[in-house]
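Biologist: Could you walk me through reading helix packing and burial in a model? I'd like the general idea, then the case at hand.

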Amino acid sequence: MLTVDFDRLRVGRRTRFIDVGAGGGRHSFEALRRGAEVIAYDLDEVELKSVGEMFDAMVEAGEVPPGGSGQVQAGNILEMPYSDGHFDVVLASEILEHVPEDDAAIAELVRILAPGGTLAVTVPRWLPERICWALSDEYHANEGGHIRIYRADELEAKLVGAGLVATHRHHAHALHSPYWWLKCAVGPNRAKHPAVDTYHRLLVWDLMSKPAATRIAERVLDPLIGKSVALYFTKPVAP
């Protein structure tokens, strides 16, 4: 389940790509399938171990084009061990809402992006996220949880102020918003509640089957209740 448009990111063979806050690696895996030189970067070393194992399995299965490579790196978004302008594409998906020092994090994302490169940032969209917060404190008020709700224009202004040029935005995962509203209404940790479990099975079926009806429904609903907003930027090339 991808939140960003990899064609828009222009990820291909030997693209230097970093997935900051990679989590389980869903975006890192797609970049590797396209032949990029991928770094999955995250604080969670346990998650990264699984990502690294999947990288190895993809290589063994012949799913990685020539020139593609996948590595994992544990670290903090506020102090990344890479030189200025190192990456062609930088992705930070569903991470900035967790970071208290978001301006410093944005500065690091911009620093490691090469001139002419592309940065994509995704965060929970304001309205669906605001409903979740209204329904449940437990949803966000926990260690490592969401500490803020962004408006897209506010976040875009921060990144433009850091020296980037905004190029595009879109919303994603509308069918996931009601699932999270249900979870928050009954309690975020009650995964086996009948309503939550039924909706989760629907989402898994949709992910695996990709029926035309739900694809159309999501495209129609994304501008209204998309769970995430994705913002795209380029870094100007110095004259």
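Modeller: Axes are lines fitted to C-alpha atoms, over the stretch in contact, with angles from 0 to 180 degrees between N-to-C directions. Here the axes of α5 (residues 126-135) and α7 (residues 176-186) come within 8 Å and cross at roughly 10 degrees. That makes α5 and α7 roughly parallel (angles under 35 degrees). This is a predicted model, where local features need pLDDT of at least 70 and side-chain atom pairs pLDDT 80 or more, while totals for chains, interfaces and linings use all residues. Numbering starts from 1 along each chain, and side-chain values use heavy atoms, without hydrogens or water.

Biologist: Which residues make the contact of α5 with α7?

Modeller: Contact means heavy atoms within 4.5 Å. From α5 come Pro-128, Ile-131, Cys-132 and Leu-135, and from α7 Ser-177, Trp-180, Trp-181, Cys-184 and Ala-185. They split into 8 nonpolar, 1 polar and no charged.

Biologist: And the spacing along a helix?

Modeller: An α-helix has 3.6 residues a turn, so residues three or four places apart point the same way.

Biologist: Now burial: how many residues of helix α2 are buried?

Modeller: Buried means under 20% relative accessible area with a 1.4 Å probe, protein chains only. In α2 (residues 26-33), 6 of the 8 residues are buried, so α2 is largely enclosed by the rest of the structure. Its cover includes α1, β1, β2, α3, β3 and β4.

Biologist: What about Asp-42 and salt bridges?

Modeller: A salt bridge puts a Lys or Arg side-chain nitrogen within 4 Å of an Asp or Glu carboxyl oxygen. Asp-42, in strand β2, is buried without one, and the nearest oppositely charged side chain, Arg-26, is 10 Å away.

How values were computed
Helix = DSSP H or I, 4+ residues; strand = E, 2+ residues; numbered from the N terminus. Buried < 20%, exposed > 50% of the residue type's maximum accessible area, 1.4 Å probe, protein only. Lys, Arg positive; Asp, Glu negative; His and termini not counted. Parallel < 35°, antiparallel > 145°, perpendicular 65-115°, else oblique. Nonpolar A, V, L, I, M, F, W, Y, C, P; charged D, E, K, R; others polar.
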